[in-house]
Amino acid sequence: MEAFPFELSIVLWLPILASPAAYFIGLASRKASRWFAIVVSLANFIISLHLALVFWVNGYCNTTTLHFVNLFDWVPSVGISYYIGVDGFSMIMVLLSTILSLSAVIASNHIHDAEHLYYALFLLLETSLIGVFVSFDLFLFYIFWELVLVPMYFLIAIWGGPKRKYAAIKFFIYTHVGSVIMLISFFYVYWHTPSVIGAYSFNLFNMVKTGAQLALTLQIYLFIALFIGFGIKVPIVPFHTWLPDAHVEAPSPISVILAGVLLKMGGYGILRIALPMFPEAAKILSWYLALIGVLNIFYAGFVAMWQLDIKRLIAYSSIAHMGIVVLGSVTGNVIGVSGAIYMMFAHGLINGLLFLLAGVYKHHVHSRMIPDIAGLTNKMPLTSAFLVIGGFAGLGLPGLAAFVAEFLAILGAFYTWGLSIAVVVFGTVLNAGYILWAVQRIIFGPQKGEVEVSDLCVPEIISFSFLTILIVLLGIYPPLLMTFIRNPAMLIAQYLSS
Amino acid sequence: MLPEIPYLPGIYTVILIIVMGIIASIILDKRNRVIITAISEVVLAISIIYLIDLPVNQSGYTIFDDFSRFISLIFIFTSFLIIISMHRELSDITRYGLAISLILAANIGMIVAVSSLNLIYIIVGWELAGLSSYAVIAVRRKDPLAIEAAMKFFIVGSIGFGLTLFGISFIFGSTGSLDLNGIYAVLSTGIYDYNLLVTGIVLLISGLGFKMAIVPFHVWIPDTYEGAPYSITTFLAAASKTMAFAVGLRLFYHGLSPVSNIWQPLFAVLAVITMTYGNLAALAQTKMKRLLAWSSIAHAGYIILLFGAFGPSINLIAGGLFHILMHAIMKILAFIAAAYFAMIIGSDLIANYAGLGKKYKLVSFFLTIDLLALAGIPPLAGFWSKYLLFLGVVEDGFVVLALIAVINSAISLYYYARIIKYLFFESGGKTTIEIKTSLNYIVPIVITGLAIILLGIMPDPVIHFLKTLSP
């Protein structure tokens with residue numbers, strides 16, 4: 001089984017090329033635009049699935065090198081190339097992007113304003129997200145990284161909730177400032193590439209080689225700059241305040257992409273770029289970074305506890321889960337790093353499902369406040385069932401995806417820091433606490449008044465079942481994902497432990 | 001490419017062709033506008049072909065090398081594009097042929113100025129270009145704003161010319177030569193009068209500063225740009241300024257390079273002041289033309305980093321020339337799009353652009369692309385030129401200068417984005433008069449817009465070519 005030539009490039013560019021078409025089709029017929037976007041997302045999902053299968057069947061999982069590489073000079077005079085490829089880590093992130101894009105686009109059935117523009121922007125967003133995960137030229141990476149902001153800004157600002165403009169601009173400014181700080185670090189290393197490589201180069205591997213040669217104090221500053229840049233996307237406390245606003249105001253399908261894929265860009269950047277580029281600095285700072293992770297878990301857990309808006313609650317649970325990603329990333333052993341990567345994937349699916357459910361409540365009950373949506377179990381049995389599954393998955397119930405990730409990340413942390421990290425376990429209890437409490441209030445709570453509600457419609461059932469099956473599958477058969485993760489995780493762990 | 005042409009020496013073939021165009025448009029003045037436009041466009045098209053084909057040569061005091069070829073092509077392309085829009089914009093004036101002939105004459109002046117190493121030739125070409133542009137601004141003789149603009153430009157331009165001439169005489173007094181090669185030789189030996197030279201250089205920078213739009217010699221720019229007809233403003237911003245930069249490159253990179261320690265710090269300070277002041281002033285503008293004028297000043301600040309960060313870096317000169325080219329292209333698009341919208345809404349206020357993006361999709365799209373390129377958003381062409389320029393600045397060791405330039409660039413995004421915001425996200429602008437789409441505006445906009453996108457996707461051939469140029 002072989003991949004077609006340029007198959008990865010097709011996955012990358014198909015959505016953006018289809019985006020103008022979606023716009024113009026949408027001008028003629030609104031329905032057609034939606035179907036077109038679904039077909040494109042589905043095609044992209046199938047192609048990326050095919051790539052993953054090829055990756056698996058050919059045993060690429062046992063290597064740490066890049067596969068499906070497309071490498072061309074773009075602006076050779078300044079060392080910029082079109083360099084895309086995947087290893088196991090990137091492969092599953094691409095898969096996550098296409099899965100969630102497909103689910104989100106199917107679940108966009110409540111979007112009725114300017115659909116042509118919505119689907120055009122959505123497809124643009126899909127390309128930029130995939131681009132972040134497959135670019136191995138940091139200039140290209142940066143372009144995709146910034147390109148994500150543009151459609152996301154408009155998707156929040158046009159189709160969002162009542163405070164959408166505020167949320168969109170806050171999101172834009174926070175993440176843009178982060179990217180600029182990150183860019184300074186990139187450029188500093190880039191200017192030193194000639195002394196190590198012999199010519200300017202934005203190639204990730206050349207930059208990694210150069211970064212390791214810099215003086216240690218400098219490395220620490222540059223690492224902190226990178227960590228802030230990526231950390232704002234993760235988000236790490238105290239740079240997290242854009243997230244609840246953006247998540248709450250964004251339309252539900254976009255919240256799915258925000259939580260499911262956008263946050264992963266931060267974790268991906270830390271694991272792929274920050275740690276390998278400045279391993280010495282990371283080693284020195286690793287304890288503090290772990291502390292930031294723990295802080296994330298506890299802070300977000302306590303804040304989530306008293307949220308009444310279900311979407312805001314899920315947003316804070318995202319921050320808590322991202323704390324586990326940060327903690328696992330810096331453990332410096334393969335178990336912890338695998339846990340972090342596993343969590344990135346699992347969290348994408350779980351929070352994707354939860355945000356879609358929040359969207360259902362908003363649309364069917366016209367409220368997301370827990371007292372308003374309580375006690376509707378009889379009228380919305382399917383919604384409630386999915387909510388229970390999503391909630392259990394979110395709190396890390398064994399047999400569901402997040403458990404594997406949490407278990408691995410905490411185990412890895414134990415290996416590195418010993419008992420002192422045991423406090424994290426209480427964090428997961430806290431996590432279980434607020435989710436269970438919220439689910440309990442919604443499912444068994446008193447009904448507020450008589451409301452006419454309907455249960456899920458067919459596109460929603462398809463979309464939700466798809467995610468649920470994956471969540472269960474990854475919970476009971478972790479090797480499905482671990483095969484991809486193992487080798488890249490080993491490589492990343494080596495940077496920190498050697 | 002062409003059959004063997006018995007070229008006149010130097011650039012005289014091209015000059016002769018343009019002179020024929022001038023004669024034709026003066027003879028046809030007040031008669032048929034279409035024929036005048038057609039003839040001048042044909043003349044310019046032929047000049048473009050000749051300029052591309054003309055072999056590198058030297059004759060007497062004129063020299064035609066790849067540098068003059070590149071810069072002259074910018075002039076001619078600019079004139080080619082703006083005459084398309086002039087045909088429509090200046091349909092109300094009687095002496096249309098005169099306006100065209102002045103534009104063509106300015107082209108001759110500019111080509112002479114960049115195709116010589118002799119200071120007298122340079123100054124003669126410079127003044128020919130200057131005089132023609134003063135006159136062409138006032139082509140609407142009943143418009144008080146245009147007259148004011150022309151008078152301001154005339155007075156300030158004359159002072160600048162006087163200062164330049166004065167400076168040249170000092171340099172002649174110091175080195176005993178008017179030829180840039182001669183000046184270079186004398187300065188390399190170190191036997192020259194230092195005080196006279198410094199005075200000369202300071203006067204020269206002031207004189208050039210007026211044309212380059214460097215703060216504090218910029219005061220005429222916003223008023224003149226605002227008062228002149230859009231097409232003429234475009235010509236001033238794109239061609240006239242390019243000439244000033246090209247002449248500066250010839251003077252400082254060629255003749256005066258041995259004494260870079262005198263002028264380099266001066267330019268570094270001027271660059272910082274110019275870009276910062278230009279950007280901050282642009283933030284407060286409410287009129288499109290004035291905003292673009294201030295943005296033009298800010299860009300002059302970036303471009304004179306060429307002199308302010310003078311050093312061995314090849315990326316600096318390539319980036320600077322690239323940015324000169326991109327500045328011309330971007331300003332053509334911006335001003336012609338402004339002219340198009342001014343025709344539609346009858347006003348120059350940015351606030352009145354509200355909602356235009358929905359009705360005039362094509363022009364709004366290209367204007368947006370252009371504004372993003374002006375702000376330096378990758379991967380548009382404006383980004384690559386800026387990137388290469390700043391990279392060169394860093395390579396020459398002026399990290400602080402580069403940092404200031406980058407911060408300025410970031411500030412500029414704000415006022416460019418504001419225009420985009422009005423175009424697409426605001427509604428309730430002035431009631432618009434429905435006007436038939438005018439190809440005279442759309443054609444130049446589309447051509448320059450595509451150039452910005454294409455050079456953004458494939459900047460490498462241009463960068464390679466620019467790296468071979470030496471002023």
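Figure 1. Phi of Ala213(B) is near 70°, a positive value in a residue other than glycine. Ala213(B) counts as buried because it has 30 C-beta neighbours inside 10 Å; a residue is called buried if 20 or more other C-beta atoms, placed from the backbone, lie within 10 Å of its own, exposed if 12 or fewer, and partly exposed in between. Pro216(B) has its place in the loop between helix H8 (194-212) and helix H9 (220-227) of chain B, and a cis peptide bond, with omega about 10°, joins Val215(B) to Pro216(B). Residues are numbered from 1 along each chain as its sequence is written, while chains are lettered from A, and ligands numbered from 1, in the order in which they are written. Because the model is predicted, local features need pLDDT of at least 70 and side-chain atom pairs count only at pLDDT 80 or more, whereas totals for chains, interfaces and linings use all residues.

**Figure 2. Helix H17 of chain B and the segments beside it.** Pro379(B) lies in the loop between helix H16 (361-375) and H17 of chain B, where a cis peptide bond with omega of about -5° joins Pro378(B) and Pro379(B). The 15 residues of helix H17 (residues 381-395) of chain B should span 21 Å at 1.5 Å a residue, which agrees with the 21 Å between its end C-alpha atoms; the expected span is 1.5 Å times one less than the number of residues. Since 14 of the 15 residues of H17(B) are buried, the helix is largely enclosed by the rest of the structure. Just after H17(B), Gly397(B) takes a positive phi of about 95°.

**Figure 3. Phe161(B) in helix H6 of chain B.** Phe161(B) belongs to helix H6 (residues 144-175) of chain B and, with 18 C-beta neighbours inside 10 Å, counts as partly exposed. Not counting residues up to four places away in sequence, Phe161(B) touches Glu127(B), Gly130(B) and Gly207(B), two residues being in contact if their C-beta atoms, placed from the backbone, lie within 7 Å. Phe161(B) and Gly207(B) are 46 residues apart in sequence, yet their C-alpha atoms are 6.0 Å apart in space.

Figure 4. Asp73(A) stands opposite Ser81(A) in E2(A). Four residues lie between E1(A) and E2(A) in this hairpin, and Gly79(A) in the turn has a positive phi of about 75°.

**Figure 5. Phe6(A), in the segment before helix H1 of chain A.** Phe6(A) is found in the segment that precedes helix H1 (7-28) of chain A, and has a positive phi of about 65° although it is not a glycine. With 13 C-beta neighbours inside 10 Å, Phe6(A) counts as partly exposed.

Definitions and conventions:
Helices (H or I, at least four residues) and strands (E, at least two) are DSSP runs, numbered from the N terminus. Two strands pair if DSSP finds at least two bridges between them.
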